[in-house]
Amino acid sequence: MNQPAHRSHLKDLDYSVVQQCMHCGLCLPTCPTYDATKLERHSPRGRIALMRAIADGELAATKAFGEEMYFCLGCLACVTACPAGVDYSELFEHARAEVEESGVLNSPKRNIIRALALRWLFMDSKRLRLAGRALRLYQQLGLQRLIRRSGALKLLPQRLRALESSTPDIRPGFSADLIAPVTPADGARRFRVAMLTGCAQDLIFSDINRDTVEVLARNGCEVVTPPEQDCCGSIFAHNGEWKLAQELARKNIDQFPPEQFDAIITNAGGCGSHLKHFSKLLADDPAYRERAALWDKKVKDIHEWLVEITFQIPSAKFQPTARESSAPLGTWNLETGTFPVAYHESCHLCHGQKITSQPRQLLRAIPNLNLVELPEANWCCGSAGVYNLTQPAMADELLQRKLRHLQSTGAEVVATGNPGCLLQLVNGSKQRGMKLRVVHPVTLLAEAYRQSQA
Ligand code: SF4
Ligand code: SF4
């Protein structure tokens, strides 16, 4: 078989990672795409077999291989299920990089979308914020409402209509408008931490970033939050743009020197899962290898960090408040004086980072909050980065399944620790006409602290 003209990520990958799978099939029932289709090629085992065939030189990357790698959600449920410890996360990222380097999915339309959305927009945080401001203006001036009412959207292709309907509400202020570059600890300083504000998170959920900083300060952390921050690069690593992901990893390490902080905090499950593996990304870079290893140790998800430092338990009786959008507050149980909250697990928080108990611990600590069990809490909601845009049918199937389970709990508040999940559930519940407040656990804790102070 001829050698490919491009770099082969899968051939270059440590062979011990490629050959780990022992074909037992225990991961199959946990895989959403296999569950939906019952086809081996849409299962982790089937995908790993394809990757190995490429690594062994028995198969070249083809369009079908590329499509299969993008049909995979990258949810990592298979990693949790696997008794052999197969590192599917690493395989998956290299497989997508193989797809991009080989160009098997290239088409003029796809190339333009990727060049604009990924390389032009997300690589430059200033441009991204500028685009966010333009979108905010469009929404604030009522143009979005006007266009929606005019029926003009019917002229758009279905894919674009769906994209328009899921456009997030851009917050009136971004993180830099809400958070000081340095927030002192309330009382004695116990820790000095850096706060990553994220890219999409900064535009859509800057209030969650503010709540996170408030909660950290309340727990004795001085919080450093530079107003200008780069994307962490997870969107690039998950979409086969290996070199750009490396570039952003270096920029992040330079901006937040790990030697200077007790912890580097993220409140986004998807970002955290990527941020904790910079040492793999930069393994061949002698200038960054060691700092990347230290960086990996310092990165902490907010729930994980709060439990590690023994966070304060809010004291007052708590009543959840609504975000400005007048979302529902949650139903009080008059008999018990509690309100039910369901918890949806972000895939990259539970499968990618194995953080499952800490968010629940945090929620249970809030007085009056009754944490109700959500069936299939760790089953993907269909957001999966940009999966809901690239694979809308499968994403919607997963979303409807999640919403059905949420309805079965009777809770009107659902907490989840990742912006992609938050957005997916906000859009899904709106479309379904469900009364549901979708909230980050740290926001509920921040609200409880504020009420404790009042
Ligand atoms: S990452 Fe998710 S969708 Fe992909 S193979 Fe694993 S379980 Fe299936
Ligand atoms: S990935 Fe793990 S669980 Fe799945 S077939 Fe291979 S060894 Fe078994």
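**Exercise 1.** State how much space lies in the second largest cavity, and describe its lining.

*Solution.* The second largest cavity of this predicted model holds about 100 Å³ of space. A cavity is a set of points, on a 1 Å grid over the protein atoms alone, where a 1.4 Å probe fits but cannot get out, and lining residues have an atom within 4 Å of a point. Next, 15 residues line this cavity, with Leu 196, Thr 197, Gly 198, Cys 232 and Cys 271 nearest its centre. By class, they comprise 7 nonpolar, 7 polar and 1 charged.

Local features need pLDDT of at least 70 and side-chain atom pairs 80 or more, while totals for chains, interfaces and linings use all residues. Residues are numbered from 1 along each chain, and side-chain values use heavy atoms, without hydrogens and water.

**Exercise 2.** Describe the largest cavity and the residues that line it.

*Solution.* The structure has 5 cavities of 30 Å³ or more, and the largest contains about 130 Å³ of space. Its lining consists of 17 residues; Cys 21, Cys 27, Ile 48, Cys 82 and Val 86 are nearest the centre. Helix 4 gives the largest share of this lining, 3 residues. The classes are 14 nonpolar, 2 polar and 1 charged.

**Exercise 3.** Identify the residues that come nearest to ligand 1.

*Solution.* Among the 13 residues around ligand 1, the nearest are Cys 31, Arg 47, Cys 72, Cys 75 and Cys 78; a residue is near if one of its heavy atoms lies within 4 Å. The shell divides into 10 nonpolar, 2 polar and 1 charged residues.

Conventions: Chains lettered and ligands numbered in written order. Nonpolar A, V, L, I, M, F, W, Y, C, P; charged D, E, K, R; others polar. 1 Å grid on protein atoms, 1.4 Å probe; cavity = no way out; pocket = protein on both sides within 12 Å on 5 of 7 lines; lining within 4 Å. Points joined across faces, edges and corners; volume = space filled by probe spheres on them. Helix = DSSP H or I, 4+ residues; strand = E, 2+ residues; numbered from the N terminus.
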